Amino acid sequence: MAEVVFNNLQKVYTNGFKAVHGINLTIADGEFMVIVGPSGCAKSTTLRMLAGLETISGGEVRIGDRVVNNLAPKSRGIAMVFQNYALYPHMTVKENLAFGLKLSKLPKEQIEEQVTEAAKILELGELMDRLPRQLSGGQAQRVAVGRAIVKKPDVFLFDEPLSNLDAKLRASMRIRISDLHKQLKKSGKPATTVYVTHDQTEAMTMGDRICVMKLGHIMQVDTPDNLYHFPKNMFVAGFIGAPEMNIKPSKLVEQDGKIGLTVGNYTLELNQYQQEKVAAHVGEDVFFGVRPEFIAISESPFEGNHSQGELVRVENMGHEFFVYLKVNDFELTCRIPSDDVKPILKNGLHRPVYFKFDMNKCHIFDAKTEKNISL
Ligand SMILES: Nc1ncnc2c1ncn2[C@@H]1O[C@H](COP(=O)(O)OP(=O)(O)O)[C@@H](O)[C@H]1O
Ligand SMILES: [Mg+2]
């Protein structure tokens, strides 16, 4: 059992800076938890407290049934992979893999067995006799992961391990690390994994659940799907998803007994559920949010709810276009399938087109608290 628990965990650095503000998080045994957030939100600080590399200022960290606050890193049953992994330059890959095990005085045969198993999982076989300088960046990172695997930890910790790799390699390492986790689980030896990144794509593709952080606070902990479709606040809504959700100032108004949302010169009607949810906020300033794929555009008016904007820019992604519309003093990003946008582009840019939101997919945020009031 290696459940990981943060209980009101706090960090105040010696200069008085409060980096972590009493966070609570339970990571299930065998779960792949991603901690994501912008640079400086205290992802590394949190992970380092879990690893025992940073003192804990308040609260507790539990691994399995032990409170580990005062336990040395090597006694915590963890293995960590950093962004700046350092392999020993004068040792071969095989020696690098075996080094930690030799220090812990395991019998020779067992070291051999664990190294061979890790090498197999990470396909390091042909590289075993090479020195680190004879490896590509991706290969070296695989060895760094291998060094963590051979320890057979209860908990794997990763701190932005792929940030130094190019995009293609990042994508393939992402899959490799996910597969490794699944493989361990399948073999009946699940390792709880805590994976820190600033990259929302990594978070979305790798995590069983994702913990979104901002300035030392947890903003939401949820599955990738729930974070995407049901963000609890404006920060999560804007952070998860690329291109970003459109989030624009608006107002809730009542017209003919129905509650609507002002957008440009139009008032868009909300569905019944949304109207009930936001009824107490009529007349207030809000932000409305809509993801780029939930906007349609057309040369002719839509039926019902729609509005008009100027086509100012397009980016061709191949299977789809990112289309930018100027509406009053703001710009909307739309993701439109290529076949739908090409006929419209025949007539050029800088002219008005109609657009329509999938209102069922819109979010409404309180302007003061930034909470999603439409869930
Ligand atoms: N040793 C330190 N002393 C004071 N402040 C620090 C120290 N280390 C990190 N910080 C601050 O704590 C905050 C969180 O840092 P960090 O955990 O490295 O963030 P992240 O990993 O999310 O980028 C940042 O504002 C950073 O400047
Ligand atoms: Mg960091």
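Predicted model: local features only at pLDDT ≥ 70, side-chain atom pairs only at ≥ 80, totals over all residues.

**The ligand site and the rest of the chain**

Around ligand 1 sit Tyr 13, Asn 15, Phe 17, Ala 19, Pro 38, Ser 39, Gly 40, Cys 41, Ala 42, Lys 43, Ser 44 and Thr 45.

Which helix gives the most to the shell? That is helix 1, residues 43–51, with three residues.

Now the polar contacts. An oxygen atom of ligand 1 is 2.5 Å from an N or O atom in the Thr 45 side chain. Ser 44 also uses its side chain, where a polar atom lies 2.8 Å from an oxygen atom of the ligand. With Cys 41 the backbone is involved: one of its polar backbone atoms is 3.2 Å from a ligand oxygen. As for how covered the ligand is, taken alone it exposes 560 Å², and the protein buries 62% of that.

Next, the annotation. An unreviewed UniProt entry carries the annotation "domain: ABC transporter" for residues 4–240. In the model that span is 36% helix and 25% strand, and its end C-alpha atoms lie 24 Å apart.

On to the sheets. As a reminder, strands of a sheet pair through backbone hydrogen bonds, either parallel or antiparallel. Four strands here make an open sheet in the order 2-1-4-5, with antiparallel pairing. Which strands are at the edges? They are strand 2, residues 18–27, and strand 5, residues 66–67, each of which pairs on one side only. Strand 2 is joined to strand 1, residues 4–12, by seven bridges in the antiparallel sense. Within that pairing, Lys 11 stands opposite Val 20 of strand 2.

With strand 15, residues 295–298, strand 19 runs antiparallel over four bridges, and Ser 298 stands opposite Tyr 354. With strand 16, residues 307–316, strand 19 again pairs in the antiparallel sense, over four bridges. There, Gly 309 has Val 353 as its bridge partner.

Strands 17 and 18, residues 320–327 and 330–337, are antiparallel over eight bridges. Lys 326 has Glu 331 of strand 18 as its bridge partner. These two strands form a hairpin with two residues between them, and in that hairpin Asn 328 takes a positive phi near 50°.

Glu 160 is in the loop between strand 7, residues 155–159, and helix 5, residues 167–186. The second detail is a cis peptide bond, running from Ala 242 to Pro 243, with omega near -5°. Pro 243 is placed in the loop between helix 8 and strand 11, residues 246–255.

How many aromatic pairs does a search of the whole structure find? Seven. One of them is Phe 235 with Phe 239, a stacked pair at 5.8 Å centre to centre and 15° between the planes. What separates these two along the helix? They are four residues apart in helix 8, residues 234–239, and are therefore separated by about one helical turn.

Conventions
Residues numbered from 1 in each chain as written. Chains lettered and ligands numbered in written order. Heavy atoms only, no water. UniProt positions renumbered as here; feature names shortened; annotations may be inferred. Near = heavy atom within 4 Å. Polar contact = N/O pair within 3.5 Å; in protein donor to acceptor, adjacent residues only side chain to side chain. Areas by Shrake-Rupley, 256 points an atom, 1.4 Å probe, with all protein chains shown as cover. Pairing = 2+ DSSP bridges. Phe/Tyr/Trp six-rings, centres within 6.5 Å; stacked < 30°, edge-to-face > 60°.
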